[in-house]
Amino acid sequence: MSAATTERTYLEAIREGIRQALASDDDVLVMGEDVGGGFGGAFKVTQGLAAEFGDLRVMNTPLAELGFVGMGTGMALMGLRPIIGMQFADFISSAFDSIVQFAATTHYRWGAPVPWVIRAPSDGGIRSGPFHSQNPEAWFVHTPGLKVVAPATPEDAKGLLLAAVRDDNPVVFFEAKPLYRSISGPVTDDDIALPIGQARTAREGSDLSIVTYGAQVHEALAAAARLSADGIDAEIIDLRSLKPLDLEAIAATVQRTGKLLVVHSANRMLGVGAEVAAFVGEELFDDLDAPVRRLGALDTPVPFSPPLEDAYRPSADTIEAAARDLARY
Amino acid sequence: MSEMPLELTRQDRIELYRWMRLTRAFDDRMVAMWKQGRGVGGTFSGRGHEAISVGAGMALGPDDVAAPMHRDLGCYLVRGMTPERIFRNLLGREGGVTNGRDANLHGLGDLSLGLIGFVSHLPASMPVALGAAMSFQYRSESRAALTFIGDGASSTGGWHETLNMAAVYRAPLVVIVENNQYAYSTPLDQQMAVDDIADRAAGYGMPGVVVDGNDVELVLGVTHVALERARRGEGPTLIEAKTMRMLGHAIHDGAEYVPDELLDEWERRDPLVRYRNRLAAEGVTDDELEAIDATAAVQIDAAVAAAEAAPWPDAARVGDGVYAP
C-alpha cells in the first residue's frame, strides 16, 4: 500500500469513499432522494456516481424516508449494503421507526445483521433555519444496536465511510455539512477503512482537555490557537465515533490534564456531552482538578437569524471563554 | 405447487388441511395454556386466519421470502419453523427463535427459512419486505417477497409509502391485507371510508384483488398468481383477504365490543371446518381426516412438553447479540 494522498474537501472525501465502496463490492448501492441521475444530491455529494455505476446502483427514491429506510433494511437483510441518503439530518425523524424499532433491534432479536449506512448531513451555522440545521445524534446514541459516527476531517470522512459500509451493523453517519466545502486536507488514496470506535487526538496539550466531534473540532482548534498565545495549552480529542464511545481515550486525556470541557453543536440537554461528563464524574473523579464543563446548543429549536443562531450554538469564541475559565480554576 | 391453483391434487389438498389443522391445534393449545396461567406475558391468537396464513404460505416458492405478522402462525409453520421453536419463543426459553429476546410471535425471523421477523410497529415489515423484493430485482433473481398486514396498519403512512414505492419500482412484492374487521376495538367504519381496501391499489398503479380469506384454495390461488406475476417482473399486487378476528386483539382481550351475531356469522364460515367438510364431501375419508387431526395434536403435545422443559436463557448473556460481530 502506498501512502499517497490527494488534497480533497470534506465533501470530495465522502464522495471518494462512496465511490471506492461501490467499486469494491457489487453489493453496495446508493439510495435516497435526488442522489441519482446527473443531479447527485442536494449537496452534490453523489454527483457523477450514477454515470459511473449506473442507475441500479445509484437510485433515486420517492420522498418517503420511513419507507426507503425500511426498504434499505430489507435489502441489507438480503446481504446488500445500501448507503441511504438523508437529504438533511433533520428529516431522519420521518424514518425513526424504521431505524430504531426495526433495524436497530433485529440482530439482538433474531440474529440477522442489517448492514446499512444512513448518511445524515447535519449541523448549522449556515443560516438554514430550524429544519435544515439539526444535530439529532443523541437519539441514535441512545438506541442500542446502532453505531454512530461523526467525522471531522476529510481523511476520517472517507475512512469512516468505508468502515461504515463494511460494518455488519446499521451505522448512522453524521456528515458535518458546514465542513463540506470549507475544509480540505490530505486524503489517503487507497481504499482503507478506519476503525469505528476510536477517538483521535486533534491537538496535543497539557493544561486542559476539550472533547468534541464534527464541526466543533475546528471551532476548538481555532480557540486553542488563541489560547496558546496566552500560554494555555489545550488538548483536543476528536471522538469520531459516538457509539461506541472511546472511553479509554477520554480517560487518558482527563488523566493527563485533569480538566475537561466537552463541546458539541447539538443541544446540551442530554447530549453526548452529558454521557461523557457522567462517565468522567463516575470513574475519574480523583483525576479531576476542576468540575467538568459542557458547551452545547441552547435547549431551543435551531433559530434562523444570524444573531440568534450565533447565540444558540457553540463557537470558537464561546469555547475560548469556557476554556479560559476552566484553565483558571 | 407450481401449477397451483389450476390443478390441486388430492395430496395437495390434504397438505393444505394438514397445515391448517396444525396451526389451529397450536393456536387452541396456546390459548388454553394462557388461560391456565401457563403462559409468559401476552400472546396473539390467529384463530380464523388459518386459510390466509397457510394458503399464502403454501403459494411461496422455496426461494421466496415472507414477512408475516402475529396472525400468521400458519405461514411460519409452512416455511419450516417448528412448533417447538415457536413454543419456546412464546415461553421465553432458550432455543426459541429469539432465545428469549422477543415476545410471543414477534421476531420470528430466520433467513434460512426465508422468514423476516416483525416488530409491533405495524406495518414496519412492509418496507422491509419491499427491500427484500428490491434485492431480488437488483440481483436479477426470479424471486418474490410476500408480506401480511392488517386493516389497522393500512391507515399508516408507512403502508402508503411502501405501496407507492413498490409500484414505482415494479417490485416483485405481494402484500396481503388481512381485513379482520377490527383494529383492536375499532371497527372498519371508524378506520376507512371505502368498502374494499383493495380499491386503493388503483391509486398506486397496481392490481388490487379481494379474496375470501376463509377459503384456503382461493387464497392460495390469488397469491400464487400474484407471486408468479411478481417473479416475471410485472410488479406488485395488493390482495385483500376478508376474514374475521375470532378472538380478542391479544390474549387478555375478551373483545366484548364485537357483536355476537357477527361472530356467529363468521363461525359458520370457519376456514378449517369448512375445508374439512369440503374434503370429506370430495372423498377424503373420515379415517384420513381423523388421523391428520390426531397427528397435529401429538405434534403440539410434544412441542409444548419440550418447550416447558427447556431452560431459561442465561441472564449473564443478556447483553449478547446487540451487535453483529
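Visitor: In what kind of crossing, left-handed or right-handed, does helix 1 of chain B pass helix 10 of chain B?

Guide: Helix 1 of chain B passes helix 10 of chain B in a left-handed crossing. That name is given if the near helix is turned anticlockwise from the far one by less than a right angle, and right-handed is used if clockwise. Before we go on: this is a predicted model, where local features need pLDDT of at least 70 and side-chain atom pairs count only at pLDDT 80 or more, while totals for chains, interfaces and linings use all residues. Residues are numbered from 1 along each chain as its sequence is written, chains are lettered from A and ligands numbered from 1 in the order in which they are written, and side-chain values use heavy atoms, leaving out hydrogens and water.

Visitor: Why are helix 1 of chain B and helix 10 of chain B called roughly antiparallel?

Guide: The axes of helix 1 (residues 10-35) and helix 10 (residues 271-281) of chain B come within 10 Å and cross at roughly 150°. Angles over 145 degrees count as roughly antiparallel, under 35 as roughly parallel, 65 to 115 as roughly perpendicular and the rest as oblique. The two helices of chain B are therefore roughly antiparallel to each other.

Visitor: Which residues make the contact between helix 1 of chain B and helix 10 of chain B?

Guide: Contact means heavy atoms within 4.5 Å. Among the residues that make it are R13(B), Y17(B) and R24(B) of helix 1 of chain B, and P271(B), Y275(B) and L279(B) of helix 10 of chain B. The residues of this contact divide into 8 nonpolar, no polar and 5 charged.

Visitor: What makes S122(A) buried?

Guide: S122(A), placed in strand 5 of chain A, has a relative accessible area of 5%. Buried means under 20%, exposed over 50% and partly exposed in between, with a 1.4 Å probe and protein chains only. S122(A) is therefore buried. Leaving aside neighbours within four places in sequence, S122(A) is in contact with residues including A89(A), Q134(A) and F174(A).

Visitor: Why is strand 10 of chain A described as largely enclosed?

Guide: 5 of the 5 residues of strand 10 (residues 208-212) of chain A are buried, so this strand is largely enclosed by the rest of the structure. L208(A), I210(A) and T212(A) point one way, and S209(A) and V211(A) the other way.

Visitor: How do you know that strand 10 of chain A pairs with strand 11 of chain A?

Guide: Two strands pair if DSSP finds at least two bridges between them. Strand 10 and strand 11 (residues 234-238) of chain A are joined by 5 bridges and run parallel. In this pair, T212(A) stands opposite D238(A).

Methods
Axes fitted to C-alpha atoms, helices over the stretch in contact; angles between N-to-C directions. Helix = DSSP H or I, 4+ residues; strand = E, 2+ residues; numbered from the N terminus. Nonpolar A, V, L, I, M, F, W, Y, C, P; charged D, E, K, R; others polar.
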